[in-house]
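I went through them one by one and jotted down what turned up.

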Amino acid sequence: MTSVVVFGASGDLAKKKIYPSLWELFHGNLLPPKTKFIGYARSDLTVAQLRSRVEPYIKVKEEDKKTVEEFFSLCYYVKGSYDKKKDFENLGKELDKLNCTSGNRIFYLALPPSVFKETTTLIKASCMSKKGWTRVVVEKPFGKDFESSAQLSNHIASVFSEEQVYRIDHYLGKEMVQNLMVLRFGNMIFSPIWNRNHIENVTIQFKENIGTGGRGGYYDEFGVLRDILQNHMIQTLCLIAMEKPCSKSAEDLRNEKVKVLRAMPPITFENVVLGQYVGNPKGQGDAKTGYQDDPTVPKGSVTPTFAACIAYINNERWEGVPFILKCGKALNEKKAEIRVQFKDVPGDIFGGKCSRNELVIRLQPKEAIYMKMMVKEAGMSFEPIISEMDLTYHSRYKEAKLPDAYERLILDVFSGSQSHFVRSDELSEAWRIVTPLLHKIESEKIKPTPYEFGTRGPEEADKLVKQVGFQYTGQYTWKEAQ
């Protein structure tokens, strides 16, 4: 018997992601029998009130109504603080009643890092399973820089073993991110060309077409470098760049990721363009307002909402290949993708009319993998044109249900698989790469370049990536397969 305790059950993450994911797993009969779900927060809530918050975010068909009732009949709620031993002793007693002392326990910390130390200490003191296993899921942000992350990691290591800790980065649960392993190591076609001899540059970009939407006060504490680049983007980079692991086991996989990070020098300010969005006079609705128009954002904030960075990996495979990391809010579209741009064909016989081959892996939305390549124009002409070899998931796998990233990762916690979770040394190395840049920006209060809501970001970013060899011809637009 297993119990899942959701700390921060009254918050947005719990109602929008955690509980809906638990419901999908329960509905799919993927959880152990008699699993129970316990919400814990400071708010004075009943299970009925918790349900009213969660239910708008779960997908329920008419035939599922009985199953929904069964799911919520297994939900419980305990009110308590995050720093009082008495409240955790009460939680421990409730858990003993629900799954006995021998049951397994998962503690999901959907909480700010400021309360991690007290919460984990009190879990250890009062809530551990006596005979079964105990696992703790920790949500990002894992600290604010190298030092604060190290302090947090050292504390967690003093309370739990590394095997008990699951640092969740939801991008590692996305379909196409997980596909990188199979794409790279299950196809001989890519193995001999996946190196500096054939690849000119690699771009990883995460674009959002919305602003902070009233959450500017929270966002201002972290900014785009901490919110996206240090975790999601660097984790994705590791999967693109790592050597083939000895096996699919968590430790073999994470060992190879750490090797990539250790070969990376810190990102320097000379290789960075920072931006902050302003209102677009031609826009509509929220697009008319800039970041600093959000009343929750401190006046005169220099927190970047856009970043373009060039990172390098100093090893035999990738020496000299720029990894272009671009991320931002209030841009022209919502898109996350990887672009591997190959070198130009030597000995051109087509008069400069050929463009570079590109392997594009679209992470979201509309998952797809396609290869941009040159072909002869159809018909009597012998002119080369750009086309693609296309695998669009919703057209090729029409019947497949692609689970939400949280569903995959929470199921991994139940099964004890840590392959798609961040190990402490991975976390430390990622912060080492980014922290000097963060400290320079904050100590010198460097003002980001303004860009209008709904644009591609600062023009300086385009100049930066062009300088390191990225080519954009503008001649081709991917047409989604029907």
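I began with a network of salt bridges, which links Lys 207, Glu 333, Lys 335, Glu 337, Arg 339, Glu 358 and Lys 372. For a salt bridge I asked for a side-chain nitrogen of Lys or Arg within 4 Å of a carboxyl oxygen of Asp or Glu. By this rule I count 30 salt bridges.

A note on the source: this is a predicted model, where local features need pLDDT of at least 70 and side-chain atom pairs count only at pLDDT 80 or more, while totals for chains, interfaces and linings use all residues. Residues are numbered from 1 along each chain as its sequence is written, and side-chain values use heavy atoms, with hydrogens and water left out.

Next I looked up Lys 17, which forms a salt bridge with Asp 404; their closest N and O atoms are 3.2 Å apart. The pair links distant parts of the chain, 387 residues apart: Lys 17 sits in helix α1 (residues 12-27), and Asp 404 in the loop between α10 (393-396) and α11 (405-415). Helices (H or I, at least four residues) and strands (E, at least two) are DSSP runs here, numbered from the N terminus. Lys 17 is partly exposed at a relative accessible area of 32%, and Asp 404 is partly exposed at 26%. My cut-offs were under 20% relative accessible area for buried, over 50% for exposed and partly exposed in between (1.4 Å probe, protein chains only).

Then came Asp 227 with Lys 140, a salt bridge whose closest N and O atoms are 3.3 Å apart. Asp 227 belongs to helix α8 (residues 216-241) and Lys 140 to the loop between β5 (134-139) and α6 (146-159), so I noted another link between distant parts of the chain, 87 residues apart. Both Asp 227 and Lys 140 are buried.

I also found Lys 257 in a salt bridge with Glu 426, at 3.1 Å between the closest N and O atoms. Because Lys 257 lies in helix α9 (residues 250-262) and Glu 426 in helix α12 (residues 424-443), the pair ties together parts 169 residues apart in sequence. Lys 257 is buried at 1% relative accessibility, and Glu 426 is buried at 0%.

Last, the surface: Ile 349, Phe 350 and Phe 382 form a nonpolar patch with about 370 Å² of accessible area together (Shrake-Rupley method, 1.4 Å probe). Patch residues have over 30% relative accessible area and no salt bridge, with nonpolar side chains joined within 5 Å and like charges within 9 Å. Phe 350 is in the loop between β11 (335-342) and β12 (358-364), and is partly exposed at 33%.
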